[in-house]
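User: I would like to go through how two chains in this model meet. Please show me the structure, and then I will ask what the terms rest on.

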Amino acid sequence: MQDSGINILFEGQNLQRILDGLEQTIFIAILSVVLSFILGLLVGMLMTSRNIVVRFVTRFYLEVVRIVPVLVMLYILYFGITRWTGIHIDNRVIAIFVFTFWGTAEMADIVRASVTSIPKIQWESGQALGLSAGQLYVYVIIPQTVRRIIPPAINLATRMVKTTALLPLIGIIEVIKVGQQVIEVSVKDYPSASFWIYGLIFLLYFIVCYPLSKLSKKLESKWQE
Amino acid sequence: MESPILTLKHVNKYYGETQALADIQLDVAKGEVVTIIGQSGCGKSTALRCINGLEEIQSGSILLDGKEIAAAGTNWKEVRQKIGMVFQKYDLFPHMTVLDNVLLAPLKVQKRKKDEAAEEAIALLKRVGLEDKAHSFPRQLSGGQQQRVAIVRALMTHPEIMLFDEVTAALDPEMIREVLNVILDLAKDGMTMLIVTHEMAFAEAVSDKIVFMEKGNIVEISDDPKAFFKQPQSQRANEFINTFRFQ
Amino acid sequence: MESPILTLKHVNKYYGETQALADIQLDVAKGEVVTIIGQSGCGKSTALRCINGLEEIQSGSILLDGKEIAAAGTNWKEVRQKIGMVFQKYDLFPHMTVLDNVLLAPLKVQKRKKDEAAEEAIALLKRVGLEDKAHSFPRQLSGGQQQRVAIVRALMTHPEIMLFDEVTAALDPEMIREVLNVILDLAKDGMTMLIVTHEMAFAEAVSDKIVFMEKGNIVEISDDPKAFFKQPQSQRANEFINTFRFQ
Amino acid sequence: ACGAGATSDSSEGSVANIEDKTTVDTIKENDVIRIGVFGDKPPFSYVDANGDNQGFDVEISKQIAEDLLGDSSKIEWVITEAANRVEYLETGKVDLMMANFTVTPERAEVVDFANPYMKVSIGIVSPEGDVITDVSQLEGKQLIVNKGTTAEAYFRENYPDIELLVYEQNTETFQALLDGRGAALAHDNTLIFGWIKENPGFVAGVEAIGNEDTIAPAVAKGDTALLEWVNEEIDTLNETGFIAEAYKKTLAPAFSSDIDPASVLINQ
Amino acid sequence: MDLDFIRKAIPMYQEAAFLVLRLGGIGIIFAFIIGLIISIVRYYKLPVLSQVFEGYIELSRNTPLMIQLFVLYFGLPQVGIHLSAEVCGILGLTFLGGSYFAEAIRGGLESVPNIQMESASSLGLSNTQTFLYVIFPQAIANSFPSIGANIIFLLKETSVFSAIALSDLVFVAKDIMGLYYKTNEALFLMVTTYLVFLLPISLLIHFIERRLRFAGFGN
Ligand SMILES: Nc1ncnc2c1ncn2[C@@H]1O[C@H](COP(=O)(O)OP(=O)(O)OP(=O)(O)O)[C@@H](O)[C@H]1O
Ligand SMILES: Nc1ncnc2c1ncn2[C@@H]1O[C@H](COP(=O)(O)OP(=O)(O)OP(=O)(O)O)[C@@H](O)[C@H]1O
Ligand SMILES: [Mg+2]
Ligand SMILES: [Mg+2]
């Protein structure tokens with residue numbers, strides 16, 4: 001039995017379905033990652049603001065996101081919005097919104113850390129040349145922060161990919177859920193189904209995340225001079 | 001004497017409780033090289049930073065070409081093109097090549113034509129001996145080379161006055177020499193300069209005027225550097241000069 | 001002349017292709033103050049680091065008290081107690097108080113009694129003017145104060161010779177003076193010292209012997225610092241000295 | 001991002017209970033009914049290797065669509081989890097819940113159950129060598145249950161002292177028994193009967209405890225029009241023997257042969 | 001919201017919180033020890049072991065904890081190893097956390113300037129003494145912010161313990177939603193419980209972080 005267990009992957013549409021599940025995972029993760037990176041850049045710059053109110057609000061946002069589990073945010077938004085307003089929003093939109101909301105905060109903190117680590121003299125020598133605040137950001141500060149944020153940002157991206165495992169709760173059938181469906185149906189004929197299916201999913205996650213983390217390592221060592 | 005390019009009148013500057021500048025009065029005439037010396041923390045950097053608008057002053061006035069620049073509503077973009085400043089270090093933008101560094105202000109602030117500005121940049125880099133480094137990044141240069149680029153970058157906006165804040169403090173002796181030679185050269189060309197340095201021999205050689213500060217005050221101004229370094233008038237300046245002598 | 005404390009014989013040191021030390025020959029007698037000068041990268045630091053076993057040499061020998069220390073099997077723990085070394089900066093352990101810094105080696109390496117070692121530490125701190133900083137952390141001290149503590153820390157193991165590697169390079173003038181005064185004081189007390197510095201006036205004042213290096217070679221050794229700084233024998237030393245003169 | 005997606009998506013349909021139109025009208029208008037089922041609970045409702053929904057609940061759902069919209073394929077399947085079935089109904093994200101929904105008083109407070117189409121009791125299965133024949137034998141031992149099932153609720157309410165091992169997936173639940181992680185497993189007896197057929201060495205020491213529960217379709221609270229329609233439909237399906245047919249097709253092959261259909265079906 | 005229900009449900013959350021703290025605490029301690037060992041091995045670039053550990057780090061970081069738990073809990077029995085859910089939870093967290101701590105501490109170790117090691121040697125300290133008295137305390141201080149962030153992250157990761165039948169907070173919340181349909185109450189209690197134990201931990205970490213900073217670390 002054990003040795004024929006791998007056949008479960010080739011039964012019916014199983015493999016295709018698992019890959020479709022992976023596609024859901026990747027689609028939502030990638031879109032959220034991209035949005036988080038863009039918004040995180042903006043919010044991160046706000047976090048370095050000298051205005052204490054702005055700083056407090058953004059800090060509060062970060063703490064909230066860190067303490068409220070993603071699962072709760074998904075639930076509250078997907079069911080809560082409909083309950084309170086009667087409006088239905090596609091669950092993938094909700095998923096992307098929640099992931100972006102979370103990712104933006106984390107990303108912003110990464111940006112904040114890297115902006116504050118830019119020596120003060122860089123701001124000053126830009127100013128001394130007559131650059132406006134906007135020019136200072138565009139030509140001097142952001143290009144320098146980008147290098148420093150990429151490694152931790154990629155780390156964040158892999159975390160976001162891995163967190164898509166929560167999505168079945170709002171009805172998104174991602175790769176792990178498909179795997180479970182396949183196991184439930186096939187376990188009678190293939191007692192080792194869970195071994196093969198989870199094994200495959202383990203591998204798939206690794207295949208998706210590993211190149212990202214390799215890339216971050218590479219950039220990290222490259223930019224360390 | 002013709003009217004000064006830069007004038008500080010009764011300038012006072014506080015950081016919280018500490019008074020960093022106390023009733024500072026200073027004139028810098030066109031073509032004049034003025035060097036400020038004094039102990040660490042006496043207010044030298046603060047003086048330069050106030051002139052360049054990096055810090056606000058609490059009272060007094062600062063005139064550039066006879067126009068008040070320490071008041072609200074100053075067009076700093078314009079003023080800063082007339083003032084070039086070079087800092088102690090980490091001054092260049094590490095993500096840009098040397099050429100991009102020196103072209104940033106001419107192209108983005110002054111909106112000059114790229115060809116023409118680049119031509120001038122190359123000429124200036126040549127003058128400081130770095131024409132072959134135009135496409136290098138700052139980290140590929142030695143500290144002394146970086147500071148020479150920083151000087152070129154400041155010169156590119158055609159300032160009327162240059163401010164130097166301990167530009168050699170982080171350098172090794174030969175590099176110090178490379179950089180100071182560039183400044184000596186500018187002095188010969190008649191550039192107006194306000195210099196903060198701890199290199200006494202250099203100060204003696206380059207300056208038209210020495211300003212000795214202590215605790216935010218100007219204690220002594222001398223128009224004769226040679227005489228000053230031999231025997232300053234004030235007791236405090238004398239003590240200070242002595243820390244550079246052995247036995 | 002009595003037999004030297006430290007002797008370098010035909011010492012060669014390579015980093016890959018670059019030869020950092022080329023056939024170095026040097027004697028340091030008891031109580032002698034030897035200063036090494038030369039351009040950046042000429043091998044000054046490397047020389048000190050090899051003496052202290054931080055780098056291995058490829059050939060030649062280094063004798064301390066007549067015993068070979070550059071060979072395999074050297075008991076470095078013992079040797080390093082006889083050699084005190086002070087570096088350019090970031091030298092103190094930032095997570096320990098001043099007292100803990102200076103007591104680390106006596107207590108952990110030499111296993112001395114805490115009371116007795118602490119007493120000596122306080123006495124030495126007093127000598128460098130820092131007895132009230134015993135319980136401060138390094139970051140609460142100025143750079144000059146930190147370097148004075150580093151000197152005390154090195155003295156605590158009762159070394160026979162002290163090595164100083166540009167200990168004032170990162171400091172402001174008054175702080176430089178504070179630190180150099182401590183070294184001058186040690187010299188008067190008869191401490192044997194090997195010093196690397198860029199402070200020429202200090203080198204002239206403190207040294208019994210000046211060693212001028214270039215590209216890993218000793219180019220000139222002078223027993224008369226005054227004469228050397230006035231007019232070195234070698235062309236290269238002369239050029240080097242000139243970088244410290246203006247006009 | 002939120003504002004942009006906020007317009008009601010056509011596939012999601014409109015909210016239940018818009019005053020003048022009943023849900024039945026809306027469903028007919030949309031020409032599709034949204035039915036909540038499980039994706040991983042064979043033989044009741046699951047997704048097969050080809051990605052198609054299958055099982056007892058699914059058979060009945062298809063017939064409902066056939067009778068309501070004239071086409072058994074006019075269903076938008078919504079895969080639910082035990083924990084979000086009520087939410088789906090309450091927020092109108094499904095019209096009809098067919099995810100093996102056991103009727104309980106607590107649930108009846110928040111959703112409206114239609115007439116039942118199936119009966120179920122809790123059974124307890126344990127290894128042959130160490131059979132549990134009475135609940136009292138479970139004291140001080142661990143009982144394996146599946147999360148969100150009536151078995152879990154029953155033991156939590158009535159035997160709070162019995163330590164429960166709660167798993168999310170059916171397979172995991174039964175696997176845990178095989179791995180010897182608990183002394184016994186409590187679940188819907190229908191499932192247990194099916195399972196022991198495949199796994200010799202285990203017996204249903206307790207065949208039925210607690211109340212006999214029923215399983216029924218559910219609609220959002222107050223959705224009377226749909227409720228009435230479904231009630232009638234289920235009655236018809238019971239009477240015409242459709243449900244018995246569905247039983248034969250989907251459940252019988254999975255259950256051991258000694259099970260009397262009458263213990264599972266409503267009108268036998 | 002049903003206050004009566006909330007009152008009744010609180011003990012379940014309490015129990016779950018204790019479980020999370022107990023398993024999370026043990027897992028984090030083990031993970032820290034593993035991380036420490038790995039970071040030292042990688043810092044000193046010990047041959048073979050370094051490469052092995054690097055492989056472990058990649059595997060651990062690039063796969064979800066949920067799948068790691070499945071493998072431990074349902075995969076190991078297939079080869080005859082039966083571990084209790086609690087042990088699996090701890091092992092899973094250790095497996096995941098080990099790599100995060102390893103990277104955090106290695107960052108700290110590498111941020112200690114080389115001159116520190118040299119000045120310790122030049123005082124005659126042995127390699128072990130140098131590590132113990134000089135390198136390690138600074139490395140821990142330097143990496144404390146990321147160590148702290150990882151502690152919080154790992155405590156929150158326990159929410160996938162429910163996959164192997166451990167009643168963590170998410171599990172209890174889902175259970176209540178599935179059984180009693182008290183969604184609002186369940187989620188409210190879950191967030192509150194997280195807040196109640198994560199907030200003090202987070203504040204404590206901030207406090208220690210600041211203490212370390214002010215105690216003379218960095219410049
Ligand atoms: N941003 C600041 N906030 C508060 N106090 C400051 C600030 N900058 C400078 N000071 C204080 O103002 C005084 C003058 O400082 P300033 O930097 O001008 O001295 P300096 O003469 O340039 O010293 P150095 O030779 O060390 O560069 C000092 O007492 C300093 O502590
Ligand atoms: N760790 C190393 N690896 C490779 N090359 C090195 C290393 N350390 C020093 N060197 C090279 O050895 C030569 C001598 O260096 P050393 O640091 O001794 O010079 P120095 O005289 O102390 O210079 P400085 O005045 O800048 O401190 C230089 O060419 C330097 O580039
Ligand atoms: Mg200054
Ligand atoms: Mg050196």
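Analyst: Chain D and chain A bury about 2,900 Å² between them, with 55% of it on carbon and sulfur atoms. D:A49, D:K93 and D:T171 supply 19% of the area that chain D buries against chain A, more than any other three residues. This is a predicted model: local features need pLDDT of at least 70, side-chain atom pairs count only at pLDDT 80 or more, and totals for chains, interfaces and linings use all residues. Side-chain values use heavy atoms, without hydrogens and water; residues are numbered from 1 along each chain as its sequence is written, and chains are lettered from A and ligands numbered from 1 in the order in which they are written.

User: What makes the area between chain D and chain A "buried"?

Analyst: Buried area is the accessible area (1.4 Å probe) that two parts lose on being put together, summed over both. The about 2,900 Å² is therefore a sum over chain D and chain A.

User: Why is the link between A:K177 and D:E81 called a salt bridge?

Analyst: The rule asks for a side-chain nitrogen of Lys or Arg within 4 Å of a carboxyl oxygen of Asp or Glu. The closest N and O atoms of A:K177 and D:E81 are 2.8 Å apart, so the pair qualifies. Across the interface of chain D and chain A, the rule finds 2 salt bridges.

User: How do you know which chains touch?

Analyst: Contact means heavy atoms within 4.5 Å. Chains A and D have the most contacts among the 6 pairs of chains that touch. Their contact takes 35 residues from chain D and 32 residues from chain A. Chain C and chain D do not touch; their nearest C-alpha atoms are 48 Å apart.
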